[in-house]
Amino acid sequence: MRKLTLIVAVVLVAVGSFARADIVHLNDGTTLEGKVKKSAQGWIVTDAEGKVTAVPAGTVKSIELKRGAGGGDAPGQEVAERRLYSLRRSVENVSDLRDIVARYQRFVEQNQGTEVGKAAEEELAVWTDRHNRGLVKVGQQWITEEEKAQLLEQTFAVVSEARQLIKDGRLKEADAALVKAMQVDPANPSIQYLRGVVKYRQNEVPAARKAFELVIDQITNHAPSLNNLAVILARQNHPAASLGMYDRAMQAQEQNRHILDNVAEAFYALSPSERKAPIVQRAVKRFLEQDEQLQQEMAKKGQYRWGSTWVNQQQLDELKVAEEGIKGRLDQLAAEFDAAQARINTIRQDIAANTNTMRQLEARRHGYGAGGNLVSGTLPARYYDLQADNARLEEEQKQQVQKMQQLRAAAKEVEKQLPTPRYSGVQKLIETEGTPIEAPEVEFEGDAATTQPAAAQGTGSGGSSNLQIPNSKPASGENEEGIE
């Protein structure tokens, strides 16, 4: 019996020891448990049965050091090992070798004469050698300046190849090439920009947004990326934020035709209440200033603004005649819209007046009895009549709101009867032509933009009359905040 008790005790100690074993979490989601030791290539894990597993450093996501005294290591050593592991992880994203060497030197000084300190000294020697050799970090590699130049040359070639693949519509091949290039130079703004274009065209909008934001992190005033972020924000139903981003794009590159055309589309899509936001008003002011100059330059080329697009003089004359033909219908819709808006204003005033009277009636029913106690009487029949009237008015208001929405939609359908509608309802990405291949001063291709402050491209014989920063109602004269 005594012998059995001793055996059970030994087993319990062993089980207890490994119940507090370290846990290695791998990148593939699996785990290993046991006693963990650092090796030259990564880690050595010894489990409860004595099985030894070598784990490469690159496959390890994290390590939980849970051993106590039963694990065979002193608590102080366990803490030091954990700190060394944290040090290794902390320098993974550091590209300044002087900083890395300094961190290791401090750690070695704090752990002199220990096994952990000796391991840190060996790693310090590696980092010091890299520093002395003048290595630089590209991706996760430490290489010479000459090797970096060769890699960047290869990256440039991949960027050029990816641009052509995107133009050819071979998006999967372009994405594969860009992923490969990112392994060498993940922060390269050209790679990230093209990834954004690919992801957007593949309908992976959040990924596209992240890619363009990474470009802006490096090139703050990159107009194509700012334009593309504005397009994405509009698509994600953030219209005011989209106009704010367009404002930044217009500041980054003045009189850019592609950006200004998008701003016209974006403003046209806003509701009346959204147009009153300060961020929108600032963008519209900048748009009007730049578009006036753009129209003047475009007139020299025989092109005149028509909503968010451009037409020649003959087209402009024909469109004006066609627009005159549908003006009567638009005026009728505008009159109905204004009448609905006026009725909504009256309804709101009536509801407010009824509500005020109801509050007075509620206040009057309270008083003091003969004994000085607070008493409450019943509400008069008029109170309930007013309450019913408000319910009826609120229902009518909903109907008027729906009518206004229908009138807006009808007006847009009528405008589509024009040979060339003023607005397409589409805000367009700046694609491969916006790639920041060499410097923030990007040269766009085609007539979407130019390297210099995008050759202003401006007004026709109609002056700015064809601009018509649009209302979302059928005609002018809107003076109410509008209904969303």
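1. Let's start with the loop between α9 (223-235) and α10 (239-252), which is where Asn237 is found. Helices here are DSSP runs of H or I with at least four residues, strands are E runs of at least two, and both are numbered from the N terminus. Asn237 has a positive phi, near 65 degrees, although this residue is not glycine. With 66% relative accessibility, Asn237 counts as exposed (exposed is over 50% relative accessible area, buried under 20%, partly exposed in between; 1.4 Å probe, protein chains only).

2. A word on what you are looking at: this is a predicted model, where local features need pLDDT of at least 70 and side-chain atom pairs count only at pLDDT 80 or more, while totals for chains, interfaces and linings use all residues. Residues are numbered from 1 along each chain as its sequence is written, and side-chain values use heavy atoms, with hydrogens and water left out.

3. Asn203 is another non-glycine residue with a positive phi, of about 70 degrees. Asn203 sits in the loop between α7 (189-201) and α8 (205-218).

4. For the overall picture, the protein has 15 helices and 11 strands. Of its 484 residues, 41% count as buried. Among contacts (heavy atoms within 4.5 Å) between residues at least 6 apart in sequence, 65% join residues at least 24 apart.

5. The largest nonpolar core has 49 residues, and Phe212 and Ile259 have the most contacts inside it. Such a core is a set of buried Ala, Val, Leu, Ile, Met, Phe, Trp, Tyr and Cys residues joined through side-chain atoms within 4.5 Å. Helices that each supply at least two residues of this core include α7, α8, α9 and α10. Leaving aside residues up to four places away in sequence, Phe212 touches several residues, among them Tyr193, Val197, Leu229, Ile232 and Leu429.

6. Do have a look at α15 (residues 381-415): its 35 residues reach 51 Å from first C-alpha to last, close to the 51 Å expected (1.5 Å times one less than the number of residues). Its buried residues include Tyr383, Leu386, Asn390, Leu393, Met404, Leu407 and Val414. What covers the buried residues of α15 includes α12 (272-275) and α14 (313-364).

7. Lastly, Ser271 lies in the loop between α11 (257-268) and α12. Ser271 is buried, at 12% relative accessible area. The side chains of Ser271 and Ser273 are joined by a polar contact of 3.2 Å (a pair of N or O atoms within 3.5 Å; within protein, one must be able to donate a hydrogen and the other to accept it, and residues adjacent in sequence count only if both atoms are side-chain atoms).
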